[in-house]
Protein chains: 2
Amino acid sequence: MIKILQVGMGPLGQKTVKFALERGFKIVAACDPAPDKVGRDVGEVCGLKKIGVRIEPTVDLALKKLAKNKKPEIAVLTTVSSLVKLVPQVEAIAKKKLSIVSTCEELVYPWRTQPAVSKKLDKICKKYKIALLGTGVNPGFLMDYLPTVFTAVSQKVDGIRISRIQDASVRRIPFQQKIGAGLTTAEFRLKEKEGTLRHVGLAESLDLLANRMGWKLTKKTETLNPVIAQKDIASGYKPIPAGIACGVEQVAKGYVGEREVITLYFRAAVGEEKSFDTIVVEGEPRINTTIDGGVNGDIATCAITLNAIDSVLKSAPGLRTMSDVMPVTYFNSKR
Amino acid sequence: MIKILQVGMGPLGQKTVKFALERGFKIVAACDPAPDKVGRDVGEVCGLKKIGVRIEPTVDLALKKLAKNKKPEIAVLTTVSSLVKLVPQVEAIAKKKLSIVSTCEELVYPWRTQPAVSKKLDKICKKYKIALLGTGVNPGFLMDYLPTVFTAVSQKVDGIRISRIQDASVRRIPFQQKIGAGLTTAEFRLKEKEGTLRHVGLAESLDLLANRMGWKLTKKTETLNPVIAQKDIASGYKPIPAGIACGVEQVAKGYVGEREVITLYFRAAVGEEKSFDTIVVEGEPRINTTIDGGVNGDIATCAITLNAIDSVLKSAPGLRTMSDVMPVTYFNSKR
């Protein structure tokens, strides 16, 4: 059974721990510097029964005094979205010779957007002979890795178009608030400026796709706009009158010259008629596939993080992407 | 640009050669013992202009006298469906230190169905330090590898159900004949006995899926039946009256104890209302995805064979499967 060091005990870390325990992984150490977490039991913080592992403020302290047969094999890193902020965290773990799988969105394919930081991370990994992978449902799967898998049967690829449409009515209240449901356009734009509205990862998905297809993108665009309710909506956490924002729409495009080779369309709104994910590969053959109801993001991000462990442990040292580790599939800790 | 030895110049080999040339791969050598092929130019046999490569009867002769800068890096093997018949062919290529990607259906996941032959092949590969991969659209992708990729986001997998439904009306006449369209039930059963009707690969797909999910199948079943026209059908290569076979239906099931964990449903018939491929992963989250129109099998098998080359060249020696080589994606020979 695989033994995990959990770094980051926020909501995502807690859910990943729950999933890991459900599947028989062992959480042997954990850390988070938050004062309301330090010193508490991992299980307790996750709303489960105690598992006898104390949350320490640092990686060093979390690994100190561990019996030899309790040493973790992998670190699961669920802390920040920003690559720059991730560097010291990676370094601290790398020094302990532990490979890392992380939910950091910018880590999914950082080579184009942040080449210097990417090289630095790669160097750290190679120095300590560990592998580092960023993954998640999106970025990490739906708008990047999964479409590349479909192109396995392509003789020719002219373009890739992906839409992820989600009805937020059924999602938890903080998610509905996060996407701006119930805000006036002015309030929406204010929140956008604060940076809390934005889905992080479209640029990284563009780059991963382009890299695999052998496209050198000459232009990338990204827009973010409110989805405005066309009529009164009653299905969400509060009534939304017509004319008010009910969600967010983000569109990213990648061009080679004048040709729009990649289109990523993301829309999450309260009152959306149908949730679905669609991937279209234009070319030979044309592939048009739709995931009915979409992939549940809450479950998927934590699950893919755990499922990636096997591939990361088998990987060569360095900063890896989903496309250059062994294919990630459901992975039972007992396999 | 990658240089290929093409082994087998039948219809599939010819199409693969065409695709390879379209994409800038180099065919530097080719062999096929068929008297109507030996001595002819590869391009000519494929209905293209000559490429200056003579078809030789054996691998040895095809590689003899090749200038050093013309030596192939990979062998593409498109000959037989049977694993046993493949062994001497693999051995002849392995001795030349060439890794192999093949369309042999039984090679896709032979470890359960033919363990002794699998071990033998693996041993040959390791002896000569080459990698050997079986691939194709089905088996090789649609009913095995692709579904495992969807489980990357699974916290729990209870079952996998796949349907591949094809309207054969739009396919070439030999395909319509192959699936038994226009036969009486008695004629159909006769042809079934001859073994020419059967889609090869369902057992291999079952085993690949089970292996990745960590399921030890206790029972496997496979049935083959005619699809009987319910009314007169005029869309095919010839009119098919009601009561006559218009195609074939194959169902394979994998069980763990009493639980049917895998269902593979394959149906190809003239007059089928709609073509599509559906993959359902039962579990958390539930995933239900449909490829509208299905994946065009003629294009896909040749394309995935070429796309797999990059992953095979990067692979460790041995008998590999699609799940244990680097993710296969569209791969431009110039990358």
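User: Before we start, what should I know about the numbering and the model?
Analyst: Residues are numbered from 1 along each chain as its sequence is written, and chains are lettered from A and ligands numbered from 1 in the order in which they are written. The model is predicted, local features need pLDDT of at least 70, side-chain atom pairs count only at pLDDT 80 or more, and totals for chains, interfaces and linings use all residues.

User: Why is Tyr255(B) called partly exposed?
Analyst: A residue is buried with 20 or more other C-beta atoms within 10 Å of its own, exposed with 12 or fewer, and partly exposed in between (C-beta atoms are placed from the backbone). Tyr255(B) has 17 C-beta neighbours inside 10 Å, so it counts as partly exposed. You'll find Tyr255(B) in strand β9 (residues 245-256) of chain B; strands are DSSP runs of E, at least two residues, and helices are runs of H or I, at least four, numbered from the N terminus.

User: What makes a residue a contact of Tyr255(B), leaving aside its neighbours within four places in sequence?
Analyst: Contact means that the two C-beta atoms, placed from the backbone, lie within 7 Å. On that basis, Tyr255(B) touches Leu217(B), Thr218(B), Lys219(B), Glu260(B) and Val261(B).

User: Why is helix α10 of chain A described as largely enclosed?
Analyst: Because 10 of the 11 residues of helix α10 (residues 297-307) of chain A are buried. Among them are Ile299(A), Cys302(A) and Leu306(A). The cover includes α1 (11-22) and β4 (74-77) of chain A, along with β11 (276-284) of chain B.

User: How do you know that β12 of chain A and β12(B) pair?
Analyst: Two strands pair if DSSP finds at least two bridges between them. Strand β12 (residues 287-292) of chain A and β12(B) have 3 bridges, in the antiparallel sense, so they meet that rule. Ile291(A), for one, has Thr289(B) as its bridge partner.

User: And what goes on across the two chains, in numbers?
Analyst: 41 residues of chain B are in contact with 41 residues of chain A. β12(B) gives the most to the side of chain B that touches chain A, with 6 residues.

User: What makes β3 and β13 of chain A edge strands?
Analyst: They belong to an open sheet of 7 strands with parallel pairing, ordered β3-β2-β1-β4-β5-β6-β13 in chain A. β3 (55-56) and β13 (318-320) each pair on one side only.
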